[in-house]
Amino acid sequence: MAEKTGTSRIPGRRRMSSGRAKQVRFIVLGLTPVLLYFLIFSVYPVFSAFKISLHRWGLLDLNRPFIGLTNYLWAFNDPVFWVSLKNTLYYAFYYVLWGTLLGMLLAVFVNSLVEPFVTVMRGVIFMPVVTSMVAVSLMFVWLYQPMYGVLNYLLGFIGLGPFDFLMSTTQVMPSIVAMSVWKSVGYTMVLFLAGLTTIPGELYEAAKVDGASGWQSFLHITLPLLKPTTLFALVTGMIGGFQVFTQIYVMTGGGPGTASRTLVMHIYETGFKFFEMGRASALAFLLFALVLVITMLQLKYLQADFEY
Amino acid sequence: MHNLKGTLRTMVKAAACLAIGVVMLAPFIWMVSTSFKYNWDAISFPPRFLPTEFAGFGSYKRVLTEIPFARFLSNSVVVAAAVTAGVLFTSSLAGYIFAKFNFWGKEQIFLGILATMMIPFQVIVIPVYILVYQMKMLNTLWALIIPRLVSAYGIFLMRQFMSGIPTALIDAARIDGCSEFGIYAKIVLPLSKPALSALGIFTFMASWDDFLWPLLVLDDMPKRTLPLGLALFRQQFGMMDWNVIMAGTLLSILPVLIVFFAAQKNFIEGITLSGIKG
């Protein structure tokens, strides 16, 4: 950030050289549309959404009275909100936990292979990442089918099941988490693979000379040096996890009952099925607050661990 | 003895590769197999790995004739291409300005742009929906393109990358009389290819996969994008026509998968770049 263009000084000491004037014009022409865009599509909507959340704001209402924090109170008094919150927390927690853990293990494993197996395995594990979420959701609805589903058939061989998966109030969330981890683990793995390449090989050689086992090297070299990558994976995974919607919408619609209803699903139905925009905005701000608080906590506590 | 241990290790690794491969690929293989079955075969129990009777491309024909699949596909391509082009242009331009120029309030403006990344889309979705409605863009592809043409993340990524371009190069071009826009287009852009390709891939994929927003703003069948058309499949076809549903699913992911396998290196490098820089 300290770099100076320096050019403004080259043509002499006039207050505004023609070169600088051209630069100013370039900056103004280049940035104004971008800044206007942010004002229109990011800044204004935040304030507008907050304002809407303080009003009774039905889409078709002619009269939209100010009602203070009533919409927020409504959310807190609505048991469905708490169920959605619980499901969202459950999803975000397990999705991030398993995604990060498996992503790291897969990266270490793939990293230990030789070519061409590295490229092949990386490609295979990454395949679901480039597959659209709707497509993956449909594939898994088919796999999870309680009656004709191939997963129940296969689990039968090891004496498990049959499970209802998406039709069961207790199994629906774990089933969706499992699918989501399967879809995104390739992304986390590639992050960790990049992290692994930054660890100097001499460290492992030195450890070997000192008689450290492979497991000890992993524990004392790999793991600590992967901390920045882990933090990145945890924070971005958590932010994404709180916004889970597509797979819920496609696979269960939030059901059975409200067993897989998440906050974004709740926002969607409140705002765009019942057209209670005020209530939906209040819910969205609660989600925002939740994401902010958890991100801050993660950064604070995990970053404190950084000094090794 | 040592050799034996090495052989054992190789075998364990091979077995692990195989197991991982099966877990990752099985859902895809099952989709392909189902799509070539007749319906009675697809929903028979116990399931058979291969079709009892090969059904040919009948399911695919139904996907292509009974719903406007080609239309969904072209909608998705048009939207993703337009959004990607827009984001690449605005991000590189603004990123360049933030990386290589000094002006009053630069740091504050940049931080302000970064701060917008913290806002989940769900928070602003209702006002943006109202904006799009007021602009009379509801139920048009414009609704998917216009609000997505500028990306805070893209500006951040490009600024990070362009900070590494030597300022001397830019100054030299200026002395040679190159215009400011010319410097951006002819010197900075070509040097930023890795970052541009990473950002391009991400933007394209994000747009391709976008679901909540198209679901809200598109109503008419022929206006739908692929994910939206696909999600409503089960309402179009019978709930149990899994062979047809799987055929459509496969058709919908094929274009991206082909691009992925043709340019796997770019995908991986893109994530690496953004992961380390981000």
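A residue is buried if 20 or more other C-beta atoms, placed from the backbone, lie within 10 Å of its own, exposed if 12 or fewer do, and partly exposed in between. A nonpolar core is a set of buried Ala, Val, Leu, Ile, Met, Phe, Trp, Tyr and Cys residues joined through C-beta atoms within 7 Å.

This is a predicted model, where local features need pLDDT of at least 70 and side-chain atom pairs count only at pLDDT 80 or more, while totals for chains, interfaces and linings use all residues. Residues are numbered from 1 along each chain as its sequence is written, and chains are lettered from A, with ligands numbered from 1, in the order in which they are written.

**View 1. The largest nonpolar core has 149 residues.** Those with the most contacts inside this core include A:Leu138, A:Phe140 and B:Leu199. H7(A) gives the most to the core, with 14 residues. Helices (H or I, at least four residues) are DSSP runs numbered from the N terminus.

**View 2. Find A:Leu283, another of the residues with the most contacts inside the core.** Leaving out residues up to four places away in sequence, A:Leu283 touches A:Ala75, A:Leu263, A:His266, A:Ile267 and A:Thr270. Two residues are in contact if their C-beta atoms, placed from the backbone, lie within 7 Å.

**View 3. Here chain A meets chain B, with 70 residues of chain A in contact with 68 residues of chain B.** On the chain A side, H1(A) supplies the largest share, 18 residues. That side divides into 51 nonpolar, 15 polar and 4 charged residues. Here Ala, Val, Leu, Ile, Met, Phe, Trp, Tyr, Cys and Pro count as nonpolar, Asp, Glu, Lys and Arg as charged, and the others, Gly among them, as polar.

**View 4. H1(A) packs against H6(B) at an angle of about 95°, with their axes 8 Å apart.** Axes are lines fitted to C-alpha atoms, for helices over the stretch in contact, and angles run from 0 to 180 degrees between N-to-C directions. The two helices are therefore roughly perpendicular, a label for angles of 65 to 115 degrees. Among the residues that meet are A:Phe41, A:Tyr44 and A:Ile52 in H1(A), and B:Val123 and B:Pro127 in H6(B). This contact has 11 nonpolar, 2 polar and no charged residues.

**View 5. Chain A is assigned domain 1 (11-70) and domain 2 (76-304).** Domain bounds come from an automatic or database domain assignment. The C-alpha centres of these two domains of chain A lie 34 Å apart. Their contact takes 10 residues from domain 1 of chain A and 8 residues from domain 2 of chain A.

Key
Angles under 35 degrees count as roughly parallel, over 145 as roughly antiparallel, 65 to 115 as roughly perpendicular and the rest as oblique.
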